[in-house]
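Work through the exercises below with the structure in view. Try each task before reading its solution.

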Amino acid sequence: MHKTIEPKILYFGTPVVLISTLNENGTANLAPMSSAWWLGQSCMLGMSRFSQTVQNLERERECVLNIPSADLVSIVDKLALLTGKNPVPKYKEKMGYRYEPNKFEIADLNGTPSELVKAPRVTECPVQLEAIVENINSLQDPKSSLAAIEVSIKRVHVDENILIDGEKNYIDPEKWNPLIMSFCEFFGLSGKLHPSKLVPAFGLPHNKENLRDKTELETMK
Ligand SMILES: Cc1cc2nc3c(=O)[nH]c(=O)nc-3n(C[C@H](O)[C@H](O)[C@H](O)COP(=O)(O)O)c2cc1C
């Protein structure tokens with residue numbers, strides 16, 4: 001039986017991203033967000049124009065998308081209800097947000113200099129993507145303050161521990177455990193459920209060691 005409902009939010013589960021950007025005074029801002037999805041070597045980001053991050057992206061046209069693994073969840077939660085925007089927008093103040101200029105420090109995170117952009121990478125995140133802003137679009141609803149931001153990824157840094165053994169350019173989805181936000185709560189992935197027909201179709205290497213069912217490779221041929 002399906003019910004017709006009017007949910008306040010439609011956050012069905014997307015990876016958390018920590019976006020680092022540069023403030024006007026040259027310091028770094030860091031913001032958790034999760035309205036992010038990937039298209040080839042590009043990423044679409046959904047963020048409020050009232051955030052310091054969007055203001056920084058509009059001015060600097062570059063950022064780093066740092067992707068935390070599920071084990072960094074308590075660190076990510078330390079960044080919630082903080083903004084690098086001063087004064088704090090009224091609606092955020094009512095929600096309990098406060099201004100925080102030193103978000104790396106507050107979350108016990110370190111910065112590593114980026115190679116192509118000015119904003120630092122988050123050292124502790126296993127995936128760090130240096131990106132430039134291609135477009136900042138508005139949504140159709142004129143009342144919405146959300147921006148749909150297209151960035152293109154210019155350099156990819158990954159922790160070698162999440163690579164498929166013996167492969168230089170392939171991330172092992174059995175080793176990579178992204179932090180997922182679903183309806184404002186944090187989750188990890190539960191593990192592989194079933195072999196995927198897309199793996200051979202895309203010419204991706206299999207992690208033979210981690211195959212739970214040794215017949216998997218056969219099944220997928
Ligand atoms: C896990 C998590 C996910 C979030 N996802 C989004 C998002 O997708 N878009 C958005 O506008 N804000 C999102 N927020 C809220 C922003 O982090 C918040 O607006 C913050 O103040 C932005 O920081 P800034 O103002 O310093 O840029 C999220 C917060 C958390 C903790």
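**Exercise 1: the ligand**

A polar side-chain atom of N29 sits 2.9 Å from an oxygen atom of the ligand. The model is predicted: local features need pLDDT of at least 70, side-chain atom pairs pLDDT 80 or more, while totals for chains, interfaces and linings use all residues. Residues are numbered from 1 along each chain as its sequence is written, and side-chain values use heavy atoms, without hydrogens and water.

Solution. 
1. A polar contact is a pair of N or O atoms within 3.5 Å.

**Exercise 2: the shell**

Task: describe the residues that surround the ligand.

Solution. 
1. Count residues with a heavy atom within 4 Å of the ligand. There are 21, and the closest are P32, T53, T83, G84 and K103.
2. Sort them: nine are nonpolar, 10 polar and two charged. Here Ala, Val, Leu, Ile, Met, Phe, Trp, Tyr, Cys and Pro count as nonpolar, Asp, Glu, Lys and Arg as charged, and the others, Gly among them, as polar.
3. Strands are DSSP runs of E, at least two residues. β3 gives the largest share of the shell, four residues.

**Exercise 3: L10**

Task: is L10 buried or exposed?

Solution. 
1. Buried means under 20% relative accessible area, exposed over 50%, partly exposed in between (protein chains only).
2. L10 counts as exposed because its relative accessibility is 57%.

Key
Buried < 20%, exposed > 50% of the residue type's maximum accessible area, 1.4 Å probe, protein only. Near = heavy atom within 4 Å. Polar contact = N/O pair within 3.5 Å; in protein donor to acceptor, adjacent residues only side chain to side chain.
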